[in-house]
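Here is a short briefing to read alongside the model.

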Amino acid sequence: MPEQRLVLANCGIIDPSDIDTYLDRGGFKALEKARSAMTPEEVIRAVKASGLKGRGGAGFDCGLKWELARRAEGEEKFLICNADEGEVGTFKDRFILENDPFTLIEGIAIAAHAIGARRAYVYLRAEYHHLLDLLLGAIGQTREKGFLELVDVEVCEGAGAYICGEESALMNSIEGRRGEARFRPPFPTATGLWGCPTIINNVETLMNLPPIIAKGPEWFASMGTAQSKGTKVFSVSGDVARAGVFELVMGSRLEELVVDLCGAGEVKMVQVGGAGGNIVPAEMIDTPLSFETVLGSGGITVFDESRCVIDIVHRNLEFFADESCGKCTPCREGTEAMVEILGRLNRGDGVERDLDSLEDLSEVMMLSSLCGLGQGAAVPVQDSLLHFRHEYEERIEKSLFLRTFHVDGPS
Amino acid sequence: MPSRDREELLSALKQAQAEHTHLSRKVMMEISRSLEIPLGEVFGVATFYSFLSSGPRGRNTIMICKSVPCYLKNSEMIIETVADEIGIGVGETTADGRFSFELTNCIGACDSAPAMLVNGEVRGDLTPKRISQVLKSYR
């Protein structure tokens, strides 16, 4: 299946610093339709009927989430656009912000109308500070044209913390606190930013709204698989000839993306969804990309035959140990313990029971971490043990043999 | 509704860092007083975020991406080259205060790996030769 540009329809075509080029392409028509011809409930029904699910990685039903916030009691409600794209290997939202901030702002205005929010925040990661002026310019132009009279859009910059892409930590950060995850329930739809009902949607999720409203939910739902409608934007990097951003209909095969479009050769494995994403070995490269199979944030890292799986997983875990907010024990201590174990396996100091320890830790972290960081950290460990256990075992066997040559004998 | 008294803290810290290059204890105490937030909490927030620094920093901050996509494109060579060029190790600041040198996690520039941020600007597709050119442009 070739690329299909729905979310990226205007990227490379409009001038991101000039709203008129967006208006010439029918920009803000969907917002006008949503406001003048549809009640908020009708907008929510349309989004529910489209089957749109969150594109940030968790894949929660967007319309259902909105309905919960719409119905929640509270005088003030907030919408937050999550532009804290920190998942390793993910740069699709950066590409969107660079090329088409206007569709995003239109999507924000539609979502605010649907849930009844008069104030919206764009939480932009500190690493994307270089995009701030462009984004503020686009918001300013949209305001001047009169499209933001019903909703005030403000940009809130992060300060360097992967965890703030997690919705409850993100809200703490906007409130001026340490970006630590919160216990749930209560969920943000009932008790979110400053205790008010809040919707947090990823950049790409909001980008889907103008086309859904303009062309109708049936059109959107006609694309994709049973549980995954529409398209997905992927960012591909690593051992490929052509790294970049690509948009495919949900259910497209991983091979089409990494081999046909990106020119990967001698693939050993592909990690789908960033550092906490599933590891797909080369023999499963025909796996479809969807919520039913593998997807995550859409960050895809390709590894060729020259790469060592233990080294890669060790680096993934160093990332999580660095970025764990420290609030819950399974994640704070689990990631550190995994770095220690994977480090010694990688150095050639491993022992057989290390693999059991990794499995035990993975299970505990999956079951009891407070948020997706600690849960996700265990994914590459489990997947690599599932698909590449022989590499771990060979490394241990070799290490044990080599250690018999130590002057002091076996350790 | 919970109080919104902390709303200004993060932006106040960032602004103070931009003015003083880092957040000294004195700066944090001033913020604590003016926003009426306990010093411990100001310190807690200031030390949570990696882009905020409680230690002195140089005029220019180099942050090299150490995450996997850049690692696959030999970021370790980039780290060594920068260290050689400016004569300091990771976590240090040059004696003349020109550069601070740090490593950071994924900066979302994986399509131009290996990449780094210098004062927040992305510098990608790095080679030893290019690093030398890039660093010359910072005084």
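Two strands pair if DSSP finds at least two bridges between them. Helices (H or I, at least four residues) and strands (E, at least two) are DSSP runs, numbered from the N terminus. Please keep in mind that this is a predicted model, in which local features need pLDDT of at least 70, side-chain atom pairs count only at pLDDT 80 or more, and totals for chains, interfaces and linings use all residues. Residues are numbered from 1 along each chain as its sequence is written, and chains are lettered from A and ligands numbered from 1 in the order in which they are written.

**A hairpin in chain A**
- Strands β7 (residues 267–272) and β8 (residues 278–281) of chain A run antiparallel and are joined by four bridges.
- A:Gln271 has A:Ile279 of β8(A) as its bridge partner.
- Five residues separate β7(A) from β8(A) in this hairpin, and A:Gly273 in the turn has a positive phi of about 105 degrees.

**Helix packing in chain A**
- Helix α14 (residues 329–347) of chain A packs on helix α16 (residues 372–387) of chain A at an angle of about 25 degrees, with the axes 9 Å apart; axes are lines fitted to C-alpha atoms, for helices over the stretch in contact, and angles run from 0 to 180 degrees between N-to-C directions.
- That angle makes α14(A) roughly parallel to α16(A) (angles under 35 degrees count as roughly parallel, over 145 as roughly antiparallel, 65 to 115 as roughly perpendicular and the rest as oblique).
- On the α14(A) side, the contact is made by A:Pro330, A:Cys331, A:Gly334, A:Thr335 and A:Met338, and on the α16(A) side by A:Leu373, A:Gly374, A:Ala377 and A:Val381 (two residues are in contact if their C-beta atoms, placed from the backbone, lie within 7 Å).
- By class, this contact of α14(A) with α16(A) has six nonpolar, three polar and no charged residues (Ala, Val, Leu, Ile, Met, Phe, Trp, Tyr, Cys and Pro count as nonpolar, Asp, Glu, Lys and Arg as charged, and the others, Gly among them, as polar).

- Chain B has six helices and four strands, which follow the order α-α-α-β-α-α-β-β-β-α from the N terminus on.
- The domain assignment, which is automatic or from a database, gives chain B domain 1 (9–46) and domain 2 (60–136).
- The C-alpha centres of domain 1 and domain 2 of chain B lie 28 Å apart.
- Helices α1 (residues 9–20) and α3 (residues 39–46) of chain B pack at an angle of about 70 degrees, with their axes 10 Å apart, and are therefore roughly perpendicular to each other.
- B:Leu9, B:Leu10 and B:Leu13 of α1(B) meet B:Val42, B:Val45 and B:Ala46 of α3(B).

**Where the chains meet**
- In chain A, 39 residues are in contact with 33 residues of chain B.
- Helix α13(A) supplies the largest share of the side of chain A that touches chain B, six residues.
- By class, that side of chain A has 13 nonpolar, 16 polar and ten charged residues.

**Backbone points to check**
- Most residues other than glycine have a negative phi, and most peptide bonds are trans.
- The peptide bond from A:Pro185 to A:Pro186 is cis, with omega near 5 degrees.
- B:Ala113 and B:Pro114 are also joined by a cis peptide bond, with omega about -5 degrees.
- B:Glu36 is not a glycine but has a positive phi of about 55 degrees, and B:Glu36 lies in the loop between α2 (25–35) and α3 of chain B.
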